[in-house]
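Colleague: I have a model open and would like to learn how to read its features. Please take them one by one.

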Number of protein chains: 2
Amino acid sequence: MRKTLLLNKADVHENVQMPELISAIEDAFAAYELGDAQMPPKSYIDLPQYNGDFRSMPAYLDAGDWDAAGIKWVNVHPDNGEKFDFPTVMGTMIYSDPETAFPLALLDGTELTMLRTGAAAAVATDHLAVEDASSMGIVGAGVQSYTQLRAISEVRDITEVVISDLDEERVADFIDAFEDEFDIRAGSIEEAAQCDVLSTVTPVENPIVPREAVGEHTHINAMGADAEGKHELADEVLLDAKLVIDDHAQTTHSGEINVPYHEGVLTDDDIFGAIGEIVVGDKDGRTDEDGITVFDSTGLAIQDVAAAHVAYEHAIENENGYAFDLLGLSDE
Amino acid sequence: MRKTLLLNKADVHENVQMPELISAIEDAFAAYELGDAQMPPKSYIDLPQYNGDFRSMPAYLDAGDWDAAGIKWVNVHPDNGEKFDFPTVMGTMIYSDPETAFPLALLDGTELTMLRTGAAAAVATDHLAVEDASSMGIVGAGVQSYTQLRAISEVRDITEVVISDLDEERVADFIDAFEDEFDIRAGSIEEAAQCDVLSTVTPVENPIVPREAVGEHTHINAMGADAEGKHELADEVLLDAKLVIDDHAQTTHSGEINVPYHEGVLTDDDIFGAIGEIVVGDKDGRTDEDGITVFDSTGLAIQDVAAAHVAYEHAIENENGYAFDLLGLSDE
């Protein structure tokens, strides 16, 4: 087929099954660690006149059984909701055959981002949370919170959920979505942080999770920080934790650790390692000696490419999506 | 409309009218010169195992009356034709609203590239060729040659055309395409180079246009070189010409001048200026004193964004293209 498959939000949602995505994201972290991936630094276009920016995230990865290439074009426009009723973040993904560069698919990158972000947290949780983790806290009930619970409940038998957000409507929506599957309740940040697994998905610039709130063996996925100046966890949490990052350049620039790192409060000596090192077995995941663990996730372009691969393969198999002759190369 | 407009090859061709495109490309060169554009360096993904690469080309430009943002994802896979019956170069373009970042359109970037490359040559020709230019030579009868003639005949009253290529079939195809409009014939490189305007659009690594072949007042658009090691014109042509470039970083890295520049044969002192400086009036185009002029064009991301802008605006006006709810934001 010499047509490009268009996969809209619903198609992406339907064709990216979480268990397979988690496995693909784990493959991607491994490929990156092993030097089998290429991921040029994100490049930014800053548009202060619109209070927004664009980011381009190209990547290639070779996972052995499969390889994949593509680029995600994504933005952060914080005024979008209030002014235009658009999401703050929107993404568009081009997924290409590495061998010929033919654009196999164009995908909704917004849905893809949420799914792959959830899957990254699940990979980290699988390696770092206690084996018998059954409770999960989530701080922030925005769009990213849903895929956190969906993904993490694939790797641990989560039964009890505490959702914490200042916005009661968002909390109610979240509870509505999951009350049939989990024992779920609204709670304080402190209650959420006592769970076996905690995911933080807020855009705050002043830490909201104090050291004393965190359970003795809690694994934390710090997902919210995505720009300089943002952090969600008190420095003491990071310093006392076994601290795992997705990528050194990205996390020190704009991840959970960026503020204490630039203040010199947290140094490279405080970072245990990269998730890729754990995935390939060069470093240990949770051991009996570990207390709090933290995964600082900024989101890597290889995750998008891996997620697009899963979406495309399934859409072809299920005959989903809309085939479009974008480049005028089809004979049909 | 909260749908993304899909513009395939035919849509791009139909909606990008050359006179307007030339004007938009001129605006883009001006915006870049005036500091009203953002164009992060192209980032590359090299895939030697497939003898290919991907390039990402994001850009934003503010032309005063309009502004535009987007990214082109493009490749060079030289084995594509022989092995897979695919073009060597394929492009996909995402065109976004800078204010909200909504992806307004997805476009065939292959057709777009050919059109904007032709238009860039036309802008340079307009400023650098003799006013009464009536003859045009073209060396290389590949896909880029067609838009060279189409575009340049918009800025000069071209009546006589000489097409030069070793491949007789390509020459015949080219003549077939244009014989109703021009007095056109096959000829040698020397004959082509005697014309008032010459465009070279070949991928050669050893110069094929010798100094003595070039007419006294010929303006040359050197379009072919797009990678280290490639050049089409003898060093003496460049050294004797009024030499104009599109971008210093790109031309010295991979444009017509890259080889003599790195050998030290050609230095910054030999470069007259950038096309943007001429467009905004900071430097002169052709004057009575000028003999040979050369435009070294590598192709800028702002050209793609400007071309996408023209395509999109016209497609909306003409109700062309296919509106697709990629992001799932439409109520329709």
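Colleague: Which ring does the charged end of B:Lys283 sit over?

Modeller: The general test is geometric: a charge sits over a ring if NZ of Lys or CZ of Arg is within 6 Å of the ring centre and within 35 degrees of the ring normal. Here the charged end of B:Lys283 is placed over the ring of B:Phe272, 5.7 Å from the centre of that ring. B:Arg2 is another case, lying over the face of A:Phe86 at 3.8 Å from the ring centre.

Colleague: What should I know about the numbering and the model itself?

Modeller: This is a predicted model, where local features need pLDDT of at least 70 and side-chain atom pairs count only at pLDDT 80 or more, while totals for chains, interfaces and linings use all residues. Residues are numbered from 1 along each chain as its sequence is written, chains are lettered from A and ligands numbered from 1 in the order in which they are written, and side-chain values use heavy atoms, with hydrogens and water left out.

Colleague: Where in chain B does B:Arg2 lie?

Modeller: B:Arg2 belongs to the segment before strand S1 (4-7) of chain B. Helices (H or I, at least four residues) and strands (E, at least two) are DSSP runs, numbered from the N terminus. B:Arg2 counts as partly exposed because its relative accessibility is 25%; buried means under 20% relative accessible area, exposed over 50%, and partly exposed in between (1.4 Å probe, protein chains only).

Colleague: How is a pair of aromatic rings described?

Modeller: A pair of aromatic rings is described by the distance of the centres and the angle of the planes. Rings of Phe, Tyr and Trp (its six-membered ring) pair if their centres lie within 6.5 Å; planes under 30 degrees apart count as stacked, over 60 as edge-to-face and the rest as tilted.

Colleague: How many aromatic pairs does the structure hold over all chains?

Modeller: There are 19 aromatic pairs over all chains. In one of them, A:Phe102 and B:Phe86, the ring centres are 5.1 Å apart and the planes meet at 25°, so the pair is stacked. A:Phe102 is in the loop between S6 and strand S7 (103-108) of chain A, and B:Phe86 is in the loop between helix H3 (80-84) and S6 of chain B, so the pair joins two chains. Both A:Phe102 and B:Phe86 are buried.

A:Tyr322 and B:Phe324 also form a stacked pair, 6.3 Å centre to centre with 25° between the planes. This pair joins two chains, because A:Tyr322 is in strand S16 (residues 322-324) of chain A and B:Phe324 in strand S16 (residues 322-324) of chain B. A:Tyr322, at 33% relative accessibility, counts as partly exposed, whereas B:Phe324, at 9%, counts as buried. Within chain A, one aromatic cluster is formed by A:Tyr146, A:Phe174, A:Phe178 and A:Phe182.

Colleague: How is empty space found?

Modeller: Rolling a probe the size of a water molecule over the atoms shows where empty space is left. On a 1 Å grid over the protein atoms alone, a cavity is a set of points where a 1.4 Å probe fits but cannot get out, and lining residues have an atom within 4 Å of a point. Grid points are joined across faces, edges and corners, and a volume is the space filled by probe spheres set on the points.

Colleague: How many cavities of 30 Å³ or more are there?

Modeller: The count is two. The largest cavity holds about 50 Å³ of space, and its lining includes A:Ser96, A:Ala101, A:Pro103, B:Phe54 and B:Trp73. Strand S5 (67-76) and strand S6 (91-96) of chain B each give two or more residues to that lining, and S5(B) has the largest share, three residues.

The second largest cavity has a volume of about 40 Å³. Among its lining residues are A:Phe54, A:Trp73, B:Ser96, B:Ala101 and B:Pro103. S5(A) gives the most to this lining, with three residues.

Colleague: What is the lining of the largest cavity by class?

Modeller: It has six nonpolar, four polar and no charged residues. Ala, Val, Leu, Ile, Met, Phe, Trp, Tyr, Cys and Pro count as nonpolar, Asp, Glu, Lys and Arg as charged, and the others, Gly among them, as polar.

Methods
On a 1 Å grid over the protein atoms alone, a cavity is a set of points where a 1.4 Å probe fits but cannot get out, and a pocket is an open set with protein on both sides within 12 Å along at least five of seven lines; lining residues have an atom within 4 Å of a point.
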